[in-house]
Amino acid sequence: MIQGKKICKSFDGFKALNEASFHVQKGAVYGLVGPNGAGKSTLLRHITGVFRQDSGQILVDGEEVYENPAVKSKIAYIPDDMFYFRQSNIVDMKNYYKGIYPKFDDELFEKLFECFPSIDKKKNIRRMSKGMQKQTAFLLAIAMRPEILILDEPVDGLDPVMRRQIWSIILNAVSEEEMTVMVSSHNLRELEDVCDHVGIMNKGSIIIERSLSELQSSVSKVQIAFSGEVPSLKEELNIMNHTSMGKVQTLIIKGDQQEIKDKLKSYNPILMDMLPLTLEEIFIYELGGEDYGVKDIIL
């Protein structure tokens with residue numbers, strides 16, 4: 001559905017994207033995560049055709065996006081910093097988008113107000129709070145019936161009830177219409193609930209791209225204790241992190257979970273538990289090798 005091939009982009013000598021490659025399948029919810037300055041927003045602006053890459057390709061259904069109105073009419077984009085015309089209300093914006101998006105659904109537009117009861121049709125959008133402006137953006141975007149929805153920090157500034165409401169609407173569109181969603185967010189706990197694929201981005205490149213289930217099964221958190229001397233495990237296993245509390249060792253190990261379990265059992269531990277890792281933990285430990293680990297600072 002969406003494919004990026006070795007995308008490069010520089011701004012005044014700074015390389016914002018460095019051969020970034022990715023693939024988003026039709027009907028998937030793809031989470032794009034990474035530290036601040038990794039290039040996530042820049043990449044999303046290339047996918048929507050706002051920026052043109054210096055080299056590489058971005059394809060939607062096999063077609064280039066930049067200066068391609070037919071492809072752009074399939075994409076709805078909600079950036080972190082939203083823009084609305086001065087003095088416009090939501091009806092004015094609806095009429096504007098209807099001229100751009102051929103699938104804009106007036107009936108769905110009216111129905112969605114049941115999900116966003118606080119939106120005033122007559123109020124100037126620029127005079128609304130940031131949270132209300134974001135609700136307005138979602139109402140308009142869903143009413144466009146896009147094939148692709150691109151989201152940059154989508155629910156930032158929204159209360160928990162509205163966050164759940166918006167994700168419910170999005171996931172229903174994914175299920176019913178096979179809408180493809182690409183979302184960048186720092187709220188990894190929330191992404192863990194909604195994404196089926198994840199791309200981890202750092203320094204302008206996507207360093208890891210997998211299904212969420214594959215990503216979670218490729219890194220294990222093990223709590224283990226031995227009756228005697230602790231064996232040297234670093235030579236046998238790919239240990240990403242190791243902490244101790246008394247006899248109990250906590251290990252973050254990369255590799256096949258069954259192979260890790262079999263290897264550790266061969267040392268006859270008196271205690272061994274395999275624990276699931278959250279997406280946030282995977283993010284921290286994966287980037288630990290990229291000098292992004294959490295450091296202890298003594299002031």
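I started with Lys-121, which is partly exposed at a relative accessible area of 30%. I am working from a predicted model here. The side chain of Lys-121 meets that of Glu-110 in a salt bridge, 2.7 Å from N to O. I placed the two next: Lys-121 sits in the loop between α4 (106–112) and α5, and Glu-110 in helix α4, so their pairing ties together parts eleven residues apart in sequence. Glu-110 is partly exposed as well, with a relative accessible area of 38%.

Then I looked for linked pairs. Within it, I checked Lys-98 and Asp-106, whose closest N and O atoms are 2.9 Å apart. Lys-98 is partly exposed, its relative accessible area being 38%, and Asp-106 is partly exposed at 30%.

My next entry is the salt bridge between Asp-80 and Lys-134, where the closest N and O atoms lie 3.8 Å apart. What does this pair tie together? I found Asp-80 in the loop between β6 (75–78) and α3 (90–98), and Lys-134 in helix α5 (residues 130–143), so the bridge connects parts that are 54 residues apart in sequence.

Is Lys-134 buried or exposed? I read a relative accessible area of 0% for Lys-134, so this residue counts as buried, the cut-off being under 20%.

Last, I noted the total: the structure holds 15 salt bridges.

Notes
Residues are numbered from 1 along each chain as its sequence is written. This is a predicted model: local features need pLDDT of at least 70, side-chain atom pairs count only at pLDDT 80 or more; totals for chains, interfaces and linings use all residues. Side-chain values use heavy atoms; hydrogens and water are left out. A salt bridge is a side-chain nitrogen of Lys or Arg within 4 Å of a carboxyl oxygen of Asp or Glu. Helices (H or I, at least four residues) and strands (E, at least two) are DSSP runs, numbered from the N terminus. Buried means under 20% relative accessible area, exposed over 50%, partly exposed in between (1.4 Å probe, protein chains only).
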